[in-house]
Amino acid sequence: MFTLAHLSDPHMAIEPQGLQLLSKRGLGLINWRRKRGTIHRRDALDALTRDVKAQNADHIAVTGDLVNFSLPAEYALARDWLDSLGAPRDVTVLPGNHDVYVRGAEPMPARYWGGYMRGDDGLDRFPFVRRRGDVALIALSSGVATGPFMATGRLGARQLARFAEALDQTRDAFRVVLIHHPPRSPLPRYLRRLTDAAALRRVLAEKGAELLLHGHDHRASLIWLDGPAGRRIPALGVPSASAAGVHGAEGAAAYHLFTIDRQADRAAHCAVTLRQRGVDGTIGDGERMQLF
Ligand SMILES: [Fe+2]
């Protein structure tokens with residue numbers, strides 16, 4: 001039995017100042033003061049972090065938007081938080097759009113969070129693969145800098161080609177794909193979609209995977225994607241790890257806890273439980289769902 005905790009989108013923020021505002025960050029600050037800043041709270045994140053650690057999961061995945069404005073001080077803050085969560089070999093991290101919020105920020109996540117964003121081969125590139133027991137974690141990067149009012153993501157043809165190879169090479173394992181953006185977005189989220197999501201779904205339909213985990217939408221979700229030979233792949237989104245729960249639609253801070261049971265002579269079983277912050281601030285078990 002392998003346990004995997006999945007959390008996402010803590011949006012640890014430090015407000016930009018002065019010249020830092022002469023970019024997309026200026027508009028971002030208006031949005032932060034009007035809305036986001038009241039949603040994402042450090043005390044909510046700290047309570048959730050304590051609960052995640054108490055679960056003693058075999059591995060923890062963090063699928064992006066660790067920071068909000070891509071400022072150096074934020075990356076350092078997020079690094080401290082990662083260190084409190086676990087060692088780089090036990091925690092897998094990938095960037096979201098807010099981690100590459102402005103042009104020029106692209107190298108920053110790797111600079112600050114490097115050890116958490118590297119595969120078993122030690123190379124600094126996406127996708128990267130980490131094998132832990134019977135599980136293969138395959139991490140994609142969809143974080144790209146975009147213009148104002150946009151929060152799209154993109155994988156690109158090269159990363160998708162390597163992704164197809166990685167899925168082939170890990171066919172013997174329980175393959176968990178990690179990505180910030182969801183593999184399918186409804187029309188109202190068109191400006192926040194993964195622009196090459198159709199190409200991602202084609203690779204998954206051809207090569208297969210056992211599970212896909214994403215963030216970005218700040219809500220718990222489950223859709224089933226087509227896999228090869230009529231099999232289906234569950235794709236799960238998770239709420240933000242720092243949401244105070246003051247805005248109903250965003251949901252309160254939560255994370256998913258997966259149990260993966262895969263023994264050589266039997267089919268894999270996978271169940272998921274949502275652990276979420278309640279109105280009194282305590283973290284409790286939500287529904288447990290047997291995925292397969
Ligand atoms: Fe995002």
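**Strands and the metal site**

Analyst: In β5, Ala136 is the bridge partner of Arg131. Bear in mind that this is a predicted model.

User: In which sense do β4 and β5 pair?
Analyst: Antiparallel, over 5 bridges, with β4 covering residues 128-132.

User: How many residues sit between the strands of that hairpin?
Analyst: The hairpin of β4 and β5 has 2 residues between its strands, and Gly133 takes a positive phi near 60° there.

User: What about β5 and β6, parallel or antiparallel?
Analyst: β5 and β6 (residues 174-178) pair in the parallel sense, over 5 bridges.

User: Is β5 buried or exposed?
Analyst: Buried. 5 of the 5 residues of β5 (residues 135-139) are buried, so the strand is largely enclosed by the rest of the structure.

User: Which residues are on which side?
Analyst: Val135, Leu137 and Ala139 are on one side, while Ala136 and Ile138 are on the other; both faces are covered. In a regular strand, side chains alternate between the two faces of the sheet.

User: Changing topic. Which residues coordinate the iron ion?
Analyst: Asp65 (OD), Asn97 (OD1), His180 (NE2) and His216 (ND1) do, at 2.1 to 2.3 Å. Along the chain, these donors follow the spacing D-x31-N-x82-H-x35-H.

User: Why does the pair of Asn97 and His216 tie together parts of the chain that are apart in sequence?
Analyst: Asn97 lies in the loop between β3 (91-93) and α4 (108-113), and His216 lies in the loop between β7 (211-214) and β8 (221-226), so the pair ties together parts that are 119 residues apart in sequence. Both Asn97 and His216 are buried.

User: And what are the angles at the iron site?
Analyst: The angles among the 4 donor atoms run from 85 to 169°, and the site is irregular.

User: Now the whole chain. How many helices and strands?
Analyst: The chain has 6 helices and 12 strands.

User: What share of the residues is buried?
Analyst: Buried residues make up 56% of the 292. Among contacts with a separation of 6 or more, 68% are between residues 24 or more positions apart.

Methods: Residues are numbered from 1 along each chain as its sequence is written. This is a predicted model: local features need pLDDT of at least 70, side-chain atom pairs count only at pLDDT 80 or more; totals for chains, interfaces and linings use all residues. Side-chain values use heavy atoms; hydrogens and water are left out. Donors are N, O and S atoms within 2.8 Å of the metal (3.2 Å for Na, K and Ca); water is not among the atoms, so sites may look incomplete. Four donors count as tetrahedral if all angles lie between 85 and 135 degrees; four count as square planar and six as octahedral if opposite donors are over 155 degrees apart and all others between 65 and 115; anything else is irregular. Helices (H or I, at least four residues) and strands (E, at least two) are DSSP runs, numbered from the N terminus. Buried means under 20% relative accessible area, exposed over 50%, partly exposed in between (1.4 Å probe, protein chains only). Contact means heavy atoms within 4.5 Å. Two strands pair if DSSP finds at least two bridges between them.
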